[in-house]
Amino acid sequence: MKTWCRKVLPPEHYVVFALLILSFIVGMGIWQELVYPGIVRFPFENPATQLALAVFAGAYGIFRVVAFHPASRPDYLAWLKTTPWRPGLPLPVGPLHLAGQDVMTVGLLMAATLLFKDNSPLLILQVFLVSYLLTHLLLLTFSQAFHHAYWMALLWGGIVLLCFHPLAQFLLFALLYGITLHGLRISLNRIERWDAEFLEKQLQFSSDIAAFQETKWGWPFDSLSPERANYVASVRSATALSLLVGWWSFVILFVISSKIQRRDLIEIASPAGAIGVMLVLIRLYRYLYSNRPPISLMGRLLTFRWIIPRFDVVFVGPLLILGVEAGTFTLCSLEIIPFLWGIPVMITLQFLIFFLFPPSLDEWRMTGAHRIVPPSMQQSKSFQITQ
Amino acid sequence: MIRIAGVTQHYGIKPILKNISLEIPSASRTAVIGPNGMGKTTLLSVLGGVLQPQQGFVEIDGLQRRSSVENELEIRRRAVFLPDRCFLPKNRTGREFLLGVGRLYQVDEQRLIDHSQRLLDLFSLTELGDSPIRNYSAGQQKKISLCSALITDARYLLLDEPFSGGLDPAGILALRHVLERFAREQQRTIVLTSPVPELVMETADRLVVIQHGRVSIDATIDELKAKSTGGLKDLLHQVVFPETLENVERYFAGESR
């Protein structure tokens, strides 16, 4: 039994520590009931234990993936690559799929809820599955199984939508688990191609700014070198990402709308407008970061060059994003289209414009009629300006 | 070859470059000289792709700047522009900086390691090569920035005031000889600017004088020598700074305008 448990469960001292805390919480719940003057009724009344048990279930779900996934442990990955292990064989440290030990652990937590009134064993199972499958989703992304991660991210919307339909939700959980296992098999088949350095950076959650500075060589080389832009979205990935964001905005609005009046929905949906403004600002920042107008505003006005097509084209995309926003809110306010559909479509379109509307960042950097200046970030403490 | 066709450039209302057309042959060492504020740096910035002229265009080896992504990338591979003021990553060592820039220009890794060491030796930076750039003096920073342009192996070197910024006589001597041999032995094309004619007379084989946004002289040193009766230096002083000698005479004569 001990050996069987060891295959999946955390080291013994952690288990003992967790059991002590769990016993304390459950014991406290029972003790409070026992000392209360009056008739003791079973199940005990202590709804707070639900939260504690749910936290345990969630933590266990995360542990089950993080502790056994080579993508979450660079040292494990490095070691694995030196062993005769090959895809298809069981992972030497322990299985990533659900095992009998998981049924036992989650079952115990679920059973504990039965001691208390208004505690739901179903919630414990839900929390465990959510944390287990979400951690898998994250690590599928890190191990570059993007297709599986994408479909899982889409289906997660269904999990939220079905939160009041447990049976359908558990069917969807089963589907998600199937996708996870398939994605895991595919990604482990490509383990030799996993980028260990990339994984390590993701896991260390290293500062983006520090990583950005690491690859910077100053003025003029960062702006004038024969390199393409670091991040270029393909039509396919941009479309997929835009649809995902739109879908999730629908899911969130749907959940909200089921609980409030339509008038309030308008107020709640209004902040969605901030997404468009944010996209405009990000796009302008990326395009104008070190690329300024070829002549000053005064020069433009006085030389009657009010529009410089090869420079001003950079503003068309952002204006379109704002136009889509204004149009959608007008149509929704006039009740021509419902908010529930209008806002998600608006957000999808805004993201599509953000990613795909010409010119692309490369096209702009290489062919735009702009003046290239040293980026302001490079005037920071990290750079020495020569005399 | 570099071809500049009808380039006009202005930031505000006043034009800095006025309809400039020039051809700079391959394997030449061209010095663009002229007084301060006459458009030398602007011309080099247009050549370097930093500025997009309001009119006209620049071609390098027949490829027009900013005409397409592919053309621009190819030009960037062939031509490196070094402004007079660079921003250097001060927490990186000189060697790391050179290797990083070389990789940006896709220089072969083995050549990069070897070349960076030779460049550090050339500019007497051997001992400082593994120190962070923040510890470098102004002259040493200038040297490492010059090294960074040379490590790219670009066929066209567009250098804005390479002899300024605290470069010591040894550095000036090294740079002069390197540029001369690059052009002669490796057929590289060098375009540099300087406000001081004497500094470039021995480096360049061709002079372009910019005054008030226009080209007043575009000739080889030999052609200029043949034209001048009182020596090239005097000729250049008369052309580049026509009022300065008169001002000196007026000063000692106690006159004012």
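Colleague: Hi! How many bridges join S10(B) to strand S11 of chain B, and are the two parallel or antiparallel?
Modeller: Hello! In this predicted model, six bridges join S10(B) to S11(B), residues 214-220, and the two strands run antiparallel. Within that pairing, Val209(B) stands opposite Ile217(B).

Colleague: And what sits between the strands in the hairpin of S10(B) and S11(B)?
Modeller: Two residues lie between the strands there, and His212(B) takes a positive phi near 50 degrees.

Colleague: Which way does S10(B) run with strand S3 of chain B, parallel or antiparallel?
Modeller: Parallel: S3(B), residues 29-33, is joined to S10(B) by four bridges. Here Val32(B) is the residue opposite Val208(B).

Colleague: Nice. Is strand S10 of chain B buried or exposed?
Modeller: Buried. All six of its residues, 206-211, are buried, so S10(B) is largely enclosed by the rest of the structure.

Colleague: Which residues point one way from S10(B), and which the other way?
Modeller: Arg206(B), Val208(B) and Ile210(B) point one way, while Leu207(B), Val209(B) and Gln211(B) point the other way. Both sets are buried, Arg206(B) and Gln211(B) included.

Colleague: Changing topic: how many disulfides are there over all chains?
Modeller: Zero, counting cysteine sulfur pairs within 2.5 Å.

Colleague: OK, then what about Cys163(A), buried or partly exposed?
Modeller: Cys163(A) has a relative accessible area of 32%, so it counts as partly exposed.

Colleague: And Cys332(A), buried or exposed?
Modeller: Cys332(A) is buried, because its relative accessibility is 0% and the cut-off for buried is under 20%.

Notes:
Residues are numbered from 1 along each chain as its sequence is written. Chains are lettered from A and ligands numbered from 1 in the order in which they are written. This is a predicted model: local features need pLDDT of at least 70, side-chain atom pairs count only at pLDDT 80 or more; totals for chains, interfaces and linings use all residues. Side-chain values use heavy atoms; hydrogens and water are left out. Buried means under 20% relative accessible area, exposed over 50%, partly exposed in between (1.4 Å probe, protein chains only). Two strands pair if DSSP finds at least two bridges between them.
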